Amino acid sequence: MEYVTRIVIIGGGPGGYEAALVAAQLGAEVTVVDCDGLGGASVLTDCVPSKTLIATAEVMTTFDSSYEELGIIVADDTPHIDSPARVVGVDLGKVNRRVKRLALAQSHDITASVTRAGARVLRGRGRLEGQQQTDGSRTVVVTAADGTEERLTADAVLLATGGHPRELPDAQPDGERILNWTQVYDLDELPEELIVVGSGVTGAEFAGAYQALGSRVTLVSSRDRVLPGEDPDAAAVLEDVFRRRGMNVMARSRAQSAKRVGDRVEVTLADGRVISGSHCLMAVGAVPNSQGMGLEEAGVRLKESGHIWTDKVSRTSAPGVYAAGDVTGVFALASVAAMQGRIAMYHFLGDAVAPLDLKTVSGNIFTDPEIATVGYSQADVDKGVIDARDVKLPLLRNPRAKMQGIRDGFVKLFCRPGTGIVVGGVVVAPRASELIHPISIAVDNNLTVEQIANTFTVYPSLSGSIAEVARQLHTRKLASDS
């Protein structure tokens with residue numbers, strides 16, 4: 001009788017379901033243990049819902065910011081003009097119902113793909129039991145919602161349990177006025193005055209989206225600027241846009257507490273100031289879902305932050321146990337989680353595998369304008385991590401941007417001196433998530449600025465700025481070489 005490798009995956013997010021697809025395709029017997037629905041937080045409460053909400057906000061922002069310059073007439077305040085174009089606001093209840101519907105549909109599609117591939121999906125919470133057995137196997141105990149338990153034997157276990165919103169002791173979400181990012185989709189009415197605490201990626205995305213939808217937004221940042229971990233030029237552009245559109249950006253203002261006062265919320269800052277709004281969104285980071293799973297007893301090493309330590313092929317410190325996604329704290333992106341999960345299965349099942357290389361990862365912040373990055377950053381250059389030259393070209397000089405009324409944004413490339421090999425890039429623009437791809441290809445394949453400069457681009461196009469930046473870098477390289 002032919003032996004079949006048994007894989008148990010705890011967690012059905014991108015790291016889990018992508019790993020399940022790979023393992024099933026490679027002939028393993030796969031069980032996915034999940035308590036919320038395949039797709040995980042990424043599909044059900046985080047990435048897919050937030051980007052769906054932002055898609056609505058994007059329409060509002062684009063129309064509001066450029067319609068006059070483009071010659072579009074809004075008839076709402078012009079009774080003598082017979083026009084169907086009227087922008088009167090947003091039905092947030094309808095928007096959120098669409099958000100939830102799309103998220104569930106995506107989850108169902110993923111479940112269908114996983115089961116079609118031959119994997120079993122088991123609803124419940126999984127935990128490791130004890131150390132590795134003498135035959136190399138592991139035991140996973142699955143507890144269903146009704147308390148019943150099922151014991152699974154696995155040759156390898158993948159932990160892909162994700163994370164959940166971090167909460168401040170004195171700012172506990174109530175799901176009505178004080179919210180975390182998983183609860184905003186239960187709102188039926190647009191917040192009149194929204195206080196967003198936290199100016200990282202999640203805070204910036206929601207602050208921009210709700211401002212576009214019509215809320216008066218105050219963004220509370222404990223740092224000296226929004227997006228403190230991102231390219232400083234990009235963050236400066238976004239903060240300028242936020243302020244210009246009327247957002248109250250409070251820098252160097254750490255929130256200490258948030259409490260309900262009737263139908264209002266009062267947020268107290270560390271310096272004693274109090275700000276008031278109709279709602280408050282807490283976006284102060286995430287906590288890994290690594291507790292109560294028997295990890296340390298099973299030999300799985302945790303970092304001080306609670307994240308699971310892994311190497312570049314997703315192995316933990318415990319033999320036969322791998323981990324992927326936000327629970328590892330490597331890079332909080334669905335694409336990275338998926339790659340970690342695939343790498344884990346390729347490695348355990350003996351297929352060819354390349355270690356995870358974070359310097360080829362592209363990411364995007366879905367604000368307006370979007371901010372997309374790949375490879376080495378400005379911080380890496382400034383700290384001496386890598387020796388690189390850079391050129392930044394404002395989109396104001398791009399003919400297509402002028403035609404579309406785009407005023408804000410730029411393209412920046414980093415290349416190695418001497419060789420001209422592209423090692424990183426930043427794009428700040430509408431649909432930067434699409435424009436970053438040619439730069440990602442360049443970084444991943446060690447292309448030079450000369451190769452990018454000599455590649456045809458469409459005229460007029462925003463991508464033409466990528467070639468123009470490459471030409472300027474190539475010219476500087478030639479000048480420095482001479």
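Trainee: Which feature does UniProt place at residues 363-468?
Mentor: The UniProt record, an unreviewed entry, has "domain: Pyridine nucleotide-disulphide oxidoreductase dimerisation" there. UniProt positions are in the numbering used here, feature names are shortened, and annotations may be inferred rather than shown by experiment.

Trainee: What should I know about the model and the numbering?
Mentor: This is a predicted model, in which local features need pLDDT of at least 70 and side-chain atom pairs count only at pLDDT 80 or more, while totals for chains, interfaces and linings use all residues. Residues are numbered from 1 along each chain as its sequence is written, and side-chain values use heavy atoms, with hydrogens and water left out.

Trainee: Back to 363-468. How much of the span is helix and strand?
Mentor: The span is 32% helix and 27% strand, and its end C-alpha atoms lie 22 Å apart. Helices (H or I, at least four residues) and strands (E, at least two) are DSSP runs, numbered from the N terminus.

Trainee: Now the largest nonpolar core. Which residues touch the most other members?
Mentor: Leu53, Phe206, Tyr210 and Leu227 do, in a core of 44 residues. A nonpolar core is a set of buried Ala, Val, Leu, Ile, Met, Phe, Trp, Tyr and Cys residues joined through side-chain atoms within 4.5 Å. Buried means under 20% relative accessible area, exposed over 50%, and partly exposed in between, with a 1.4 Å probe and protein chains only.

Trainee: And which elements give two or more residues to this core?
Mentor: The helices are α3 (47-66), α4 (92-116), α5 (201-213) and α6 (232-244). The strands are β10 (193-197), β11 (216-220), β22 (410-415) and β23 (422-429). Helix α5 gives the most, with seven residues.

Trainee: What is Leu53 in contact with, leaving aside neighbours within four places in sequence?
Mentor: Leu92, Val95, Asn96, Val99, Phe206, Tyr210 and Leu213. Contact means heavy atoms within 4.5 Å.

Trainee: Which residues does the second core include?
Mentor: Leu393, Leu395, Val427 and Leu462 are among its 27 residues, and this core is separate. In soluble globular proteins, nonpolar side chains tend to be buried together.

Trainee: Is Leu413 buried or exposed?
Mentor: Leu413 is buried, because its relative accessible area is 0%. Leu413 sits in strand β22. Beyond four places in sequence, its contacts include Arg389, Asp390, Val391, Ile439, Ile466 and Leu473. Lys392 is 21 residues from Leu413 in sequence, with 6.8 Å between their C-alpha atoms.

Trainee: What about Gln211, buried or exposed?
Mentor: Gln211 counts as buried, because its relative accessibility is 13%. Its place is in helix α5, and Gln211 touches Val217, Phe242, Arg245, Gly246 and Met247, not counting residues up to four places away in sequence.

Trainee: Where does Ser215 lie?
Mentor: In the loop between α5 and β11. Ser215 is buried, since its relative accessible area is 4%. With residues up to four places away left out, Ser215 touches Leu190, Pro191, Glu192, Leu194 and Tyr210.

Trainee: Different topic. At what angle do the axes of α1 and α7 cross?
Mentor: Roughly 35°, and the axes of α1 (residues 14-25) and α7 (residues 334-348) come within 7 Å. Axes are lines fitted to C-alpha atoms, for helices over the stretch in contact, and angles run from 0 to 180 degrees between N-to-C directions.

Trainee: Which residues in α1 meet α7?
Mentor: Pro14, Gly15, Glu18, Ala19, Val22 and Ala23. On the α7 side they meet Ala334, Ala337, Ala338, Gly341, Arg342, Met345 and Tyr346.

Trainee: Last one, the backbone. Which peptide bonds are cis?
Mentor: One joins Asp368 and Pro369, with omega about 5°, and another runs from Tyr459 to Pro460, with omega near -10°. Pro369 is in the loop between β19 (362-365) and β20 (370-375). Pro460 is in the loop between α11 (449-453) and α12 (464-481).

Trainee: Which residues other than glycine have a positive phi?
Mentor: Arg252 has phi of about 50°, and Asn446 has phi near 55°. Most residues other than glycine have a negative phi, and most peptide bonds are trans. Arg252 lies in the loop between β12 and β13 (255-261) and is exposed, with a relative accessible area of 60%. Asn446 is in the loop between α10 (432-444) and α11.
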